[in-house]
Amino acid sequence: MSSPPAGEDAPEAPSHAYRLVSATYQNREYPEGVLAVNESGNEIELRRWMGKTKRPDIAIARFHLEPNADVRVEGAVLRVSELSATLESPGVAGEVAELLRRPARELETARLVTEAEASVGVFLQTREEALDLLSRIKTDPRGALFASTAGSTTAGAEPLGSFYSTYSARLAESLQKMKASLAGGEKGLGPGATDMMYAIAYTIGQVQNALFEGDSDLVQELAALQELGITTTAQELRTERPTARLLVRAHPVILSLATSSRRSG
Amino acid sequence: MPRCPNGHAQRLGLKCLVCGEALSFRDSMDELCDLPKVEPDYGKVEVVAVGYPLLSLKADYVGEISAGLADLKTPTAFEVASIRGGSWLDYSRKHLEELRRWMTLVGIGKSTDRLLVMDTTDPLSVLALSALPKLEHTVVIAVVADQDSTPVEQNTSYVALSLALRKGFPIIALTETFEGDMLYFTEDRGFAAGDDALSRLLESLLGAADDLMDLLERDMKLGVQVHSLSAIVAGSKSVYGIATNAFMAQSYGLSMGAKPEECQTVHSLVFSREESKGEFEKSFGVFRNRKFKGALNAEFRFHDTASPLYDLVTIYGMRTDASLQDIAPGYQAIVGSMPELSVEGAS
């Protein structure tokens with residue numbers, strides 16, 4: 001095998017090895033050998049015993065599995081891609097299958113996290129937009145209300161009242177969607193990651209409130225964000241539209257919780 | 001607010017500071033739907049200028065209603081495309097609802113006091129007055145048609161003034177001729193004529209908006225709704241001598257012709273250095289006794305300024321029909337051939 005070019009990560013070395021009773025790969029049969037799978041579950045190496053000491057030092061095949069590869073177990077036989085491997089027992093075959101299904105599970109977890117974050121983002125960004133406009137309404141009500149309701153207010157309707165009713169409806173709707181999305185994804189994300197998602201959403205809401213009030217030094221909010229694994233500064237929070245940035249920073253925390261929940265589950 | 005299983009509420013953090021249990025945020029999300037209530041600051045004085053796109057005024061809000069090349073709406077401008085050969089009725093039919101909507105959006109009526117500065121010979125003045133609701137603390141500074149104006153202008157002006165009167169707005173009327181002849185010398189900007197002169201005069205009135213509203217609303221209670229005006233802008237002792245001379249001199253240049261004996265009230269607003277207050281107050285008394293002895297009310301208001309030059313604005317309360325009688329013939333002539341252009345045709 002050739003070495004990867006400089007600057008590229010080397011492929012992850014196979015870290016789990018299982019004794020093969022027999023294997024068929026690309027229509028060729030191999031009696032005995034070793035099936036090695038890397039930690040991420042996306043690289044498989046098939047090795048043949050060598051010599052009388054049966055040292056597994058000849059690689060017959062090494063291939064990369066796509067996350068959506070079909071992994072099947074029938075008794076002690078594991079079938080994936082063009083490989084059919086008979087392992088020592090159905091239990092071992094099941095363990096290998098779980099390992100090979102990990103990329104698909106993690107992809108699914110990432111999708112669920114992204115969906116949950118998107119629904120939280122819609123709610124929080126709608127709220128941020130409303131609070132930004134309210135800040136403007138305090139000092140420049142004519143300009144702000146004209147800009148925010150020019151296309152929707154009917155003659156005679158009080159613009160500030162229209163503003164509140166429009167945003168109340170939008171917030172209630174996006175909160176319902178957010179709750180439904182988190183409830184729908186909770187099975188896949190796990191209760192820990194879902195609780196964390198709620199904690200992050202609520203805390204960002206409190207950060208928005210503090211920024212709207214304008215008289216806070218944000219020390220408590222920064223500490224709360226830090227506790228959630230989100231590092232930022234007061235200056236950064238005071239720059240325009242901080243919600244999206246905070247959600248981006250929260251992503252690894254949620255993903256990590258959700259991934260470990262799935263691995264342990 | 002999030003609570004721990006033991007019921008302790010806490011705004012921020014993951015763990016309860018009292019018992020160390022994890023906080024639950026799920027049931028607290030709904031509170032984020034409640035937006036904080038705000039009290040918008042619409043300022044003390046708003047000005048709506050109709051047909052005067054070039055006025056330069058300092059107020060908390062200045063909105064302009066004018067005709068131009070195309071329809072354009074911004075927080076400070078309501079501009080409509082000119083209608084060829086259009087009468088006030090054409091503009092009203094086409095734009096009344098959208099102007100009402102614009103006025104609501106930009107908060108016309110939300111400041112404490114309002115000055116409506118309008119050229120009542122402009123068809124948009126009827127549109128604007130039709131769109132306005134009845135508002136308190138509102139004065140109309142109206143440039144009105146006079147005997148030199150065309151019947152069409154007189155008709156428009158007559159309808160606009162009638163609407164303003166019907167809505168209960170006090171009116172300070174300036175004839176077109178008076179407005180055209182306005183010429184003020186100012187220390188900092190030299191001679192001001194036309195819109196600049198009107199801006200300069202309004203600057204003084206805006207500086208005394210509280211007093212102006214107070215005087216006009218008191219007159220309203222006396223049944224005096226229409227006023228004429230005279231002014232000296234950037235006056236000085238070297239030009240007028242004693243203050244009494246200044247009062248007498250300015251009373252010969254009324255914005256709408258009225259004889260002193262026809263004036264029902266007379267009020268002077270003086271903007272000068274504090275040390276001149278006594279002299280002006282005394283002179284106002286002399287002026288009133290000499291020319292307006294029969295006035296129902298006469299008040300003097302003084303505003304301290306830093307300038308060595310003074311402004312003197314006197315407002316004369318008149319009979320309500322005084323503003324209409326000179327232009328009634330032109331109004332009637334138009335209504336005779338186009339009955340829909342009568343006051344009854346306006347909202």
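Since the model is predicted, local features need pLDDT of at least 70 and side-chain atom pairs count only at pLDDT 80 or more, whereas totals for chains, interfaces and linings use all residues.

**The sheet of chain B**

Val50(B) belongs to strand 1 (residues 45–50) of chain B. Strand 1 of chain B is mostly covered, with six of its six residues buried. Buried is the word for a residue with 20 or more other C-beta atoms within 10 Å of its own; 12 or fewer make it exposed, anything in between partly exposed, and the C-beta atoms are placed from the backbone. Val45(B), Val47(B) and Ala49(B) point one way from the strand, and Glu46(B), Val48(B) and Val50(B) the other way. In a regular strand the side chains alternate between the two faces of the sheet.

Two strands pair if DSSP finds at least two bridges between them.

| Strands of chain B | Bridges | Direction |
|---|---|---|
| strand 1 and strand 5 | six | parallel |
| strand 1 and strand 2 (residues 61–68) | five | parallel |
| strand 5 (residues 113–119) and strand 6 (residues 138–144) | six | parallel |

Towards strand 2 of chain B, Val47(B) has Val62(B) as its bridge partner. Further along, Leu116(B) stands opposite Val140(B) in strand 6 of chain B.

Put together, this is an open sheet of 11 strands in chain B, with mixed pairing and the order 3-4-2-1-5-6-7-10-13-11-12. Its edges are strand 3 (72–74) and strand 12 (297–304) of chain B, each pairing on one side only. From one strand to the next, the twist averages 15 degrees. Helix 3 (residues 151–166) of chain B lies across strand 5, strand 6 and strand 7 (171–175) of chain B, and runs at about 165 degrees to strand 6 of chain B. For such angles, axes are lines fitted to C-alpha atoms (for helices over the stretch in contact), and the values run from 0 to 180 degrees between N-to-C directions.

**Domains and the contact between chains**

Domain bounds come from an automatic or database domain assignment. Chain B is divided into domain 1 (1–37) and domain 2 (45–328), with 59 Å between their centres, taken over C-alpha atoms. Chain A has domain 1 (14–100) and domain 2 (106–264), and there the centres are 47 Å apart, again over C-alpha atoms.

Where the chains meet, 27 residues of chain B and 37 residues of chain A take part. Contact means that the C-beta atoms of two residues, placed from the backbone, lie within 7 Å. On the chain B side, helix 1 (residues 88–105) gives the largest share, five residues.

Helix 3 (residues 141–149) of chain A is mostly covered, with seven of its nine residues buried; among them are Arg142(A), Leu145(A) and Phe146(A). The buried residues of this helix pack against helix 2 (102–139) and helix 4 (159–189) of chain A, together with strand 2 and helix 1 of chain B.

Glu32(A) isn't a glycine, yet it has a positive phi of about 55 degrees. Glu32(A) lies in strand 2 (residues 28–38) of chain A, and is partly exposed, with 13 other C-beta atoms within 10 Å. Arg241(A), also not a glycine, has a positive phi of about 45 degrees. Its place is the loop between helix 7 (234–237) and helix 8 (242–264) of chain A. Arg241(A) counts as exposed because it has 10 C-beta neighbours inside 10 Å.

**Confidence**

pLDDT is the predictor's confidence in each residue, from 0 to 100. Chain B averages 91, and 100% of its residues score at least 70. For chain A the mean is 85, and 88% of residues reach 70 or more. Over residues 1–9 of chain A the pLDDT is below 50. Where pLDDT is low, the predicted coordinates should not be read in detail. The model as a whole scores ipTM 0.83 and pTM 0.79.

Notes
Residues are numbered from 1 along each chain as its sequence is written. Chains are lettered from A and ligands numbered from 1 in the order in which they are written. Helices (H or I, at least four residues) and strands (E, at least two) are DSSP runs, numbered from the N terminus.
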